[in-house]
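Hi,

Here is the structure I said I would pass on. Have a look at it first, and then read my notes below.

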Amino acid sequence: MYKTLGKSLRQYKKPSFFTMVFMALEVSMEVMLPFLMAKILDRGFGTQDIGYILKIGLLMCLIACLSMTFGILGGKFSSDSSAGFAGNLREDIYKNIQTFSFENIDRFSASSLITRLTTDITNIQNAFQMVLKTIIRAPFTIIFAFTMAAYTNTKLALDILIIIPVVAAILIGIVYKVHPYFIQVFRKYDRLNQTVQEDINGVRVVKSYVREDKEIEKFKQASEEIKRIFMKAEKIIALNSPIMQIAIYSSLLIVYWFGAKYVVGGSMSAGELTSFIMYMMQILNSLMMVSMIFVMIVISEASVERVSEVLTENSTLTSPRNATKEIENGEIEFKDVAFKYHDQSAESDLKHISLRISSGETVGIIGGTGSGKTSLIQLIPRLYDVSEGAVYVSGNNVKDYDLVTLRDQVSMVLQKNTLFSGTILENLRWGNEEATFEEVRHAAKLAQADSFIQAFPDGYETILDQGGTNVSGGQKQRLTIARALLKNPKILILDDSTSAVDTKTDRRIRQALLEELPDVTKIIVAQRISSIQEADWIIVMDEGKINGMGTHEELLDKNKIYQEVYESQIKGGRISEE
């Protein structure tokens, strides 16, 4: 787990190393000061040797300045390392997420991934910075200070040694007890972020249904749940401070009690007792620092697990070795295909699908909600892998293709049309970054989008809000169709992508595609029969199976489901000649 995260350190290994070097140098300077102080007290003041006092005093000032310099440098390198490490972690996680298949993404909610990229990595960054500064400083201080304390008075040093294992055992107990709470709290953070994300994305729905109070209450409950678990964890962690205070003051009492006896008995000088107390304070402060690190590690442990989980997640879909990198045509064939989204599902979402679509054909797909239309077309660009059987494109199994090559030649306009913040031109060029303005405008004309784009004051330079909220549903659909056309694909799939467009514009789009893209295989998934009735042939889906195939006239004559849909749409006024 930590080894996985360590790979993201990369160029910050040297700054991390320098942090530890400068922390060690700072400690080595600090532990010399009590020793020199004892010299001043016993020899300087004892003999009234002003020259010796000034000499040792100047040396102490020099050592203090060096200690401060080393500390500043160590702090700088630790800040650079922790911030850079966190930046690399975010980059590595985001890159890995981009390789995920739909199946991988289904395992992590969007809110959970956002929490891992933000809150979890911030926790890791803070813990890493603290550990980096103290992983050398605290142990070195304890070892060096204890060595000097033992050199000063071995017996007294051994008397206080018993405190260290007792404190360590208590700290380990706190860690063991509190860790499960932080696992729970970050899961609650996921739910909180999900609530916020849903409310922001669906703010228009929330307001139209006057659900503000309900959503505020839902957010409050999620927030209260986080507070409740945090308070449980904090109550346990709060024991850390009093335990350390008890350890510190108990140690000091031992030192003062026995130290005073040794001074009175003549086996220890006042200067030695002073330096011993200073060494004792250095040891106890280092123990306090270690206890704080333990707290940070406890908090970050859950974050480390969650971040590592995303980093080690491998895509379920990968390109094979020696993958095919050329697609000659848009021929598609399904051979006894079965598919289910989850291996544990008792029933398949698609069952025994066999069909062949010739290159350049226009095929319509129709069926009720949940009939398997979208599941079927998602297998063509290999957004999911089949559970049984095989899908072929241009005569080759889709599993044999390089994924980039396959998806570049299979252009999809999904049910949920997504536009990104930026200009209309930038959004359209997602289809082809190198497309000229003339090529972009030509694609927009085919999608019947050019006219409304030109109506905007800034035309193609019009800024779209996040998600394209400043354009209508029909305009959004036409923009995404234009974006797909810019890819110049061998296969074009429109998944109910003209549902918000009037029938007249829908007909114009289909006519333009037929005339301009005669060699492109076109698959149109629709709810309206008017959108597919002119297709070369139509597939009727029902409960994950093909219920019928044929032309509009053939299905109207023989297929009961198609007849029912047609009749319902005629009565509803949805079949139009325009």
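**What I found**

The side chain of Asn559 comes to 3.2 Å from the backbone nitrogen of Ile561. Keep in mind that this is a predicted model, so everything here is computed from it.

Let me stay with Asn559 for a moment. You'll find this residue in the loop that links helix H21 (552-558) to helix H22 (560-571). Is Asn559 buried or exposed? Its relative accessibility is 7%, and buried means under 20%, so Asn559 counts as buried. If you skip the neighbours within four places in sequence, Asn559 has contacts with Val540, Asn547, Gly548 and Glu554.

Next, helix H17, which covers residues 437-446. Which of its residues are buried? They are Val440, Ala443, Ala444 and Leu446. Looking down the axis of H17, these buried residues fall within an arc of 160 degrees, so they line one face of the helix. There is a general point behind this: an α-helix has 3.6 residues a turn, so residues three or four places apart point the same way. As for what that face meets, the buried residues of H17 pack against helix H16 (424-428), helix H18 (450-455), helix H19 (473-485) and helix H20 (503-516). After H17 comes Gln448, with a positive phi, near 60 degrees.

Now for the strands. Strand S6 (residues 410-413) is covered on both faces. Val410 and Met412 are buried on one side, while Ser411 and Val413 are buried on the other. S6 runs parallel to strand S9 (residues 491-495), and four bridges join the two. Within S9, Leu492 is the bridge partner of Ser411.

There is also an open sheet of four strands, in the order S2-S1-S4-S5, with antiparallel pairing. Which strands stand at its edges? Strand S2 (350-357) and strand S5 (396-397) do, each with a single partner strand, so one side of each has no neighbour in the sheet. S2 is joined to strand S1 (residues 332-339) by five bridges, and these two run antiparallel. Val337 has Ile353 of S2 standing opposite.

Helix H1 (2-6), helix H6 (110-134) and helix H13 (270-311) are the elements that give two or more residues to the lining. H6 has the largest share, with five residues.

- Asp92 sits in helix H4 (residues 50-99). Its relative accessible area is 18%, and the cut-off for buried is under 20%, so Asp92 is buried. Beyond the neighbours within four places in sequence, Asp92 is in contact with Ser8, Arg10 and Leu311.
- Ser250 belongs to helix H12 (residues 240-265). With a relative accessible area of 29%, Ser250 is partly exposed. Ser250 and Ile160 are 90 residues apart in sequence, yet their C-alpha atoms are 9.0 Å apart in space.

Cheers

Conventions:
Residues numbered from 1 in each chain as written. Predicted model: local features only at pLDDT ≥ 70, side-chain atom pairs only at ≥ 80, totals over all residues. Heavy atoms only, no water. Buried < 20%, exposed > 50% of the residue type's maximum accessible area, 1.4 Å probe, protein only. Polar contact = N/O pair within 3.5 Å; in protein donor to acceptor, adjacent residues only side chain to side chain. Contact = heavy atoms within 4.5 Å. Arc of directions from axis to C-beta. Pairing = 2+ DSSP bridges.
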